Amino acid sequence: MSETPAVRLLDTVDPGTGRRAALAEAALIFDAIQRNGVRLAFAPHPEPDVSIVIVAHDARHLLALTLTRLCAGQVLAGVSFEVVLVDNASAPETRALYRHLDGVTLIENATNAGFGPACNAGAARARGRYILFLNPDVDLLPGALAAMVAAFRDHEGTGIVGARLVFPGGVLQESGAGFRDDAQLTHPFGRGNADPFAPEHAATRDVGYVSGAVLMIERTLFESLGGFDPLFAPAYFEDTDLCLRCHQAGRRVIVQPRATAIHYENATSARREEVEALLDRNRAHFLDRHRASLFEQGPQPRGGFLDHDPWRLRVLYVDDRVPHLDLGAGLPRANAILNAMARLGYAVTFFPNYEADAEEAQRYRDLDERIEIAYASGDDGFARLIAERRDHFDVLWVSRPHNILFVTQALHAAGLDPRGFVRSKVIFDSEALFALRDFVTGAATSGSAVAADLAWQAERETRLFGLADAVVCVSPAEARVLARYSACNATVLGHALAPPEAPTPGISARSGFVFVGALAREGQPNVDSLDWFFENVWPLVRAALPEAALTIVGGIAPEIRERYAGQPGVAVTGRVPRTEPFLDAARVFLAPTRFAAGIPHKVHEAVARGLPCVITPILADQIGWEDGAGFLVRDWRDPKPFAEALVALHEDAALWDRVRDEGRRRIAEDCDAEAFAAAIRALCEAQVVA
């Protein structure tokens, strides 16, 4: 059950060793620039998106590395930028680097003005909408600038954005930071973690403050706040103070882990005893100014909180694997629920019980970046989560009966029950009752099924549902089963689908048929349905339409691919990043499902994109629409009418338009994204009366 993701195999070294290696590389870069007469030419931009302000005091080698990386990375930045370099009375050896710079605004101070005042002087020359204060010992990784700018656009009210900082050698330095009322006061999140991709530090979130080593702020906000306060000169706590004043102005401070930077740290610091003296002095200044707003009102964030807002609703969501839209098996619905929760402002932690993408980029490919996605680690991982985050979550949402059993057993082993683990609500999501699917499968394959078997399995599958404050299911059909066999009142929560942003093609711009679904192993409902279809229906369709073409989209096992690709007129794509192009190219979507549980997201998705379908009665019953509303319904036990419906829908433009239009109307009623979010909010936030 447990899994060790590939990212955990990163061969990190301790920060000291990593920094020594980086210093050697930086010295070589500085020497190469000098000896070879290299010019670091920054492209001119009359209206740059970002002004990068760098304050330098000696440390010529790391400054050369930072500027070289910035110059070489202009094409990879994703946004336009200018560089404003403020020299705080560096030695001649450092100033010798400046004659190799083109396109840089250079300010040379006769004396060391300190970090904050020098930053203010650089900001006064900035022209960008955003200012990035960047230490002279930082290597911004590809796309970091664009990711930070995107955070202002994607997260309303954002005033300051910071990056995920990593020591040279790969050890995490910090991913945002917060405050605790103790001697240290400031607490960087994740410092010293040997896994820089640690899930708890990979989500975008609100934080107390971000490091001034990589701090982006709207220029107008910086000006309105009066810049860095010279009270903290020459250094330390001026960035922390700026972030607190940003909060007090009603703006958010966010850490954006998609923006990653290697920070060599303390490249220009004085002796350690001088640093400690400055830290102690400025910590006292900071507390004099901000203690009341930090520690004397509202609930105090506990040690487990990685964000700045103690009032946020915290949700733990458990399912089989990271739910991507291209996986099927109910996972697209989980994807919609998680993304809706993030948009509602909940702090969401997702625990994949069985499988998670090894690469962080893949985990977040269609999930909101604010969601914390844990590694798949089964029993051991969930036991650690229980131990580390007891009384941390407000809501526990568990999907699928086998995961409900897993979670309750794990909590029991820790001496807890679900309600004892969370502060507010326990929600069990049946997702798709296997009892119902097995009953229908038996009826489909053997011609009969025993009602007593359905009752026994349904009662066994739902025996723990009474531990929940709310039970959720995917369709009215499953709600009826739950009402009969389980002591619960189930809430139906189906799918959320937004209409396409642009009109989809009409029938004349389309041709052929399409099937979408996972075909990973023999015996799955999708494989069973296509086996039946090719044996009984496709020959009839090809007899009526000799040029008919069918595209099969979805992950598929090699032996199954070979079987289907050999059919006349059939193309098999395998898994694709987006299904929309295939749905927009076909005239008819087919879903010849003979047995299944849950509610067919693929049918909803096709209808939402204006693609009429031909489906079986079991799917129609799950969806709850009548024949002609987005689809034609034909029984799989009679292949000829099924084939005739496919041909008619493909050839009859009036029928095609009528079925499509009624389907769109039903999607607007049943799959409204706002109603979906409101239902989730009612489930998670409704008061529980014991």
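**Reading the labels on a predicted model**

Colleague: Why is Arg-400 called buried?

Modeller: This is a predicted model, and in it Arg-400 has a relative accessible area of 8%. The cut-off for buried is under 20%. So Arg-400 is buried.

Colleague: What makes the contact between Asp-320 and Arg-400 a salt bridge?

Modeller: The distance from N to O is 3.7 Å, side chain to side chain. The limit is within 4 Å, for a nitrogen of Lys or Arg and a carboxyl oxygen of Asp or Glu. Asp-320 and Arg-400 therefore meet the rule. The pair joins distant parts of the chain, 80 residues apart. Asp-320 is in strand β15 (residues 314–321), and Arg-400 sits in the loop between β18 (395–399) and α12 (401–413).

Colleague: Is Asp-320 buried or exposed?

Modeller: Buried. Its relative accessible area is 18%, and the label needs under 20%.

Colleague: Why is Asp-391 called partly exposed?

Modeller: Its relative accessible area is 38%. Hence the label for Asp-391.

Colleague: Which peptide bond is cis, and how do you know?

Modeller: The bond from Ala-233 to Pro-234, with omega near 10°. Most peptide bonds are trans. Pro-234 is in the loop between α6 (219–224) and α7 (238–248).

Colleague: How many salt bridges does the structure hold?

Modeller: It holds 41. One of them joins Asp-627 and Arg-634, at 3.5 Å from N to O. That passes, because the limit is within 4 Å. Asp-627 is partly exposed at 45% relative accessible area. Arg-634 is partly exposed too, at 24%.

Colleague: What makes Asp-661 and Arg-660 a salt bridge?

Modeller: Their side chains come to 3.3 Å, N to O. Again the limit is within 4 Å, so the pair counts. Salt bridges that share partners also join Glu-626, Glu-662, Arg-665, Arg-666 and Glu-669 into one network.

Colleague: Why is Arg-660 called buried?

Modeller: Arg-660 has 14% relative accessibility, and buried means under 20%. Asp-661 is at 41%, which makes Asp-661 partly exposed.

Colleague: Where is Asp-357, and what does it touch?

Modeller: Asp-357 is in the loop between β16 (347–355) and α10 (360–363). Leaving out residues up to four places away in sequence, Asp-357 touches Arg-321, Val-322, His-324, Gln-362, Arg-363 and Arg-365. Asp-357 counts as buried because its relative accessibility is 13%.

Colleague: Why does Arg-125 count as partly exposed?

Modeller: Arg-125 has 45% relative accessibility. Exposed would need over 50%, and buried under 20%. Arg-125 is found in the loop between α4 (115–124) and β6. Its C-alpha is 7.4 Å from that of Val-84, 41 residues away along the chain. Beyond residues up to four places away in sequence, Arg-125 touches Glu-82, Val-84, Thr-105 and Ile-107.

Colleague: Which residues touch the most other members of the largest nonpolar core?

Modeller: Val-50, Leu-132, Leu-140, Leu-145 and Val-214, in a core of 51 residues. Another core, of 41 residues, lies apart from it and has Val-55, Cys-119, Ile-131 and Leu-279 among its members. In soluble globular proteins, nonpolar side chains tend to be buried together.

Colleague: How is the protein divided?

Modeller: Into domain 1 (15–296), domain 2 (314–492) and domain 3 (507–671). The centres of domain 1 and domain 2 are 42 Å apart, taken over C-alpha atoms. Their contact takes 12 residues from domain 1 and 11 residues from domain 2.

Colleague: What does UniProt list for residues 51–176?

Modeller: An unreviewed UniProt entry lists "domain: Glycosyltransferase 2-like" there. The span is 30% helix and 34% strand, and its end C-alpha atoms lie 22 Å apart.

Colleague: Where is confidence lowest, and where is it highest?

Modeller: Lowest in helix α14 (residues 434–446), at a mean of 59. Highest in strand β6 (residues 130–134), at 98. Over residues 1–8 the pLDDT is below 50. Where pLDDT is low, the predicted coordinates should not be read in detail. The protein's mean is 87, and 90% of its residues reach 70 or more.

Technical notes. Residues numbered from 1 in each chain as written. Heavy atoms only, no water. Helix = DSSP H or I, 4+ residues; strand = E, 2+ residues; numbered from the N terminus. Buried < 20%, exposed > 50% of the residue type's maximum accessible area, 1.4 Å probe, protein only. UniProt positions renumbered as here; feature names shortened; annotations may be inferred. Core = buried A, V, L, I, M, F, W, Y, C linked by side-chain atoms within 4.5 Å. pLDDT = per-residue confidence, 0-100. Contact = heavy atoms within 4.5 Å. Domains from an automatic or database assignment.
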